[in-house]
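Hello,

Here is the structure I promised to hand over. My notes follow below it.

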Amino acid sequence: MSRHSHLLLALAIVVAMPLFMHSGSLASEVLIYALAAMGCNLLLGYTGLLSFGQGIFFGLGSYTIALLLTRWPLPMPLALLAAIAMGAAGAAVVGWIAIRQRGTYFVMLTLAFAQMFYFIAYSLPGLTGGDNGLLDIPRPSLAIAGHTLWPLASPWQYYGFVAALFLVAFWLLRRVCDSVFGRTLLAVRDNEERAAAVGYDLRLLKLQAFVISGAVTGLAGALHAMMTGIAPLSNAEYHTSEMIIVMTVIGGTGNLLASVLGAAFYVLLGDWLSTLWPRWLLLLGVVLMVVSLGLQRGLWGLGESLWGLARRKRPAPPAPAAAPSANGGQA
Amino acid sequence: MSIYLLQTINGIGIGMLYFLLAVGLSIVFGLLRFVNFAHGAFYLMGAYFCYQLTRWGWSFWWALLIAPLAVGAIGWLTEKLLLRHVYAKPHEFHILVTVGLALVVQELVILQWGPLGDSVATPELLQGVVMWGSFVYPKYRLFVIGFTAVLAVLLWWVLEGTRLGSAVRAGSESTEMVSLLGLNVFGIFSLVFALGAATAALAGVLAAPIRGAEPFMGIEALGVAFVIVVVGGLGSFSGALVGGILIGVVQSVMSTLWPEGARIMIYVAMAAVLLLRPHGLLGRKG
């Protein structure tokens, strides 16, 4: 059931957000971070790799598009492709070294790389603007040969653009997860020794997952830079990596829609709370601890459990006839 | 030439602090088999406790005693109340629960002391420099080298010469075997975690007069500690010592050659060691 229903649900979220939300920027932000969280989920939920390097790819995407749009007269779609490519290339480099190690060493390596990238970005002000970041990034309309196809000036116009890219990425990622490659990743996640014994090249599989994740995260970084008009140093900080992981884990791992839920939870809660209480991240730390302690399938898992509970209770009094059909073949 | 000598000695000074920072992480990993992402938060707490105590007019020496004890107690409670409940879960969640804890500590620090850092005064006794012929060196940094060297010997004795130490070393080989021998493994876990937190806090106190206290020093320290244990080998006392000094010297010498790149070079050093010796310089396999 799930392939099409998930894509339809994603479409429903994309369509519903403009109906319920006032700010196009906020809605775009939800989808942009959903992209980043899905990239993280591909690694954590499907391959079993907890990567603190997602901020590198996010930062690479935003720096790349900022440089290309401000310094070279490159068409925007090409600049976006270049940002995706840079995200993928960064992931290939980090992945190539980090996946030589497993488990804890791997996690520490990704964090060390994230710190290294931060200091590189900080030490190269000519390229990255250093502490100030890159400013005044334009948001040119989507045009072919001078004909404007889709203006991006207003927040909701930009949302439409982001939403289209989000749906394409979601569809592609679902294709990846449902493919033989995706199933093999699950085998790696569940038991590395067994996957290796069966004859799979673990390093190659993990590297491929890393590259795909880096590409999606690079796209998210580029879209974020275009939305805000700046590529700040903070996009390359540990905090960005942490944020992407927190969204992914709170949403729930191993399910792409859960990442969308996690990103929406983080962005909307942050938008609401940060005006009330600047230190709202404290609450988020608590939520992360609670999820780690007792809610390991995240909000999505919680929703599924509640849904299962509701379904089990409801059929009993009003419609007993519905029960067997729900159980399908077992009845 | 003498500038390199000076930078090397400086590097050893930084390296001894790095050792103190990393050794707790390493021992905790050796026994509990998980990386404590809140280790930097304990370091952060140490620095801020020192800042607060000296602001209240207590001397630095009291801070050097009280802060590690207080943070050690916090670590002990953390293990008992929080971490104990995740041991059975997949290892990502061990890390994530400490990531959450680190976030909470960092935000609490900002809540209490504000987002901007502040400096901590060097104790009066150790202000000024030592002159020895043409050799000039700050007293405080000399003290840090001596003090951490004494601590290193003490820690080594605790790990190698006491019953607790042998239990810890045996536990890092096989916790099941240790509990079968009738030792209270969970008690040892709490104690070792407290010890790790206390050493991190001690590093924080010692670092405070050098680099001040600011809310994001925790995560920076965590990154450096990871580099050290990856270079030296995780779970190894001597690995933390060798890794700490090596990284300290690399950072210090590079800061004269290429100031902006000094921080980058320690990560380059890490990547190089890792490619040549995947388990670190002194690490065990597996």
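**Chain A overall**

Of the 331 residues in chain A, 47% count as buried. Buried means 20 or more other C-beta atoms within 10 Å of the residue's own; exposed means 12 or fewer, partly exposed is in between, and the C-beta atoms are placed from the backbone. Please note that this is a predicted model: local features need pLDDT of at least 70, side-chain atom pairs count only at pLDDT 80 or more, and totals for chains, interfaces and linings use all residues. Residues are numbered from 1 along each chain as its sequence is written, while chains are lettered from A and ligands numbered from 1 in the order in which they are written.

Chain A has 15 helices and 2 strands. These are DSSP runs, numbered from the N terminus: helices are H or I with at least four residues, strands are E with at least two. The radius of gyration of chain A is 21 Å, close to the 20 Å that the globule rule gives for 331 residues, so chain A is as compact as a globular protein of that length. The radius is taken over C-alpha atoms, and the rule is 2.2 Å times the number of residues to the power 0.38. Along the principal axes, the C-alpha atoms of chain A fill a box of roughly 70 × 50 × 45 Å.

**A helix pair in chain A**

Helix H3 (residues 54–71) and helix H11 (residues 238–251) of chain A pack at about 115 degrees, with axes 7 Å apart. Axes are lines fitted to C-alpha atoms, for helices over the stretch in contact, and angles run from 0 to 180 degrees between N-to-C directions. H3(A) is therefore roughly perpendicular to H11(A) (65 to 115 degrees). Among the residues making the contact are A:Phe58 of H3(A) and A:Ile244 of H11(A). Contact means C-beta atoms, placed from the backbone, within 7 Å.

**One loop residue**

A:Asp136 has a positive phi of about 55 degrees, although it is not a glycine. Most residues other than glycine have a negative phi. A:Asp136 lies in the loop between helix H6 (125–128) and strand E1 (142–144) of chain A. A:Asp136 is exposed, with 9 other C-beta atoms within 10 Å.

**Where the chains meet**

The contact takes 36 residues from chain B and 32 residues from chain A. On the chain B side, H4(B) gives the most, with 15 residues.

Best wishes

Conventions:
Two residues are in contact if their C-beta atoms, placed from the backbone, lie within 7 Å. Angles under 35 degrees count as roughly parallel, over 145 as roughly antiparallel, 65 to 115 as roughly perpendicular and the rest as oblique.
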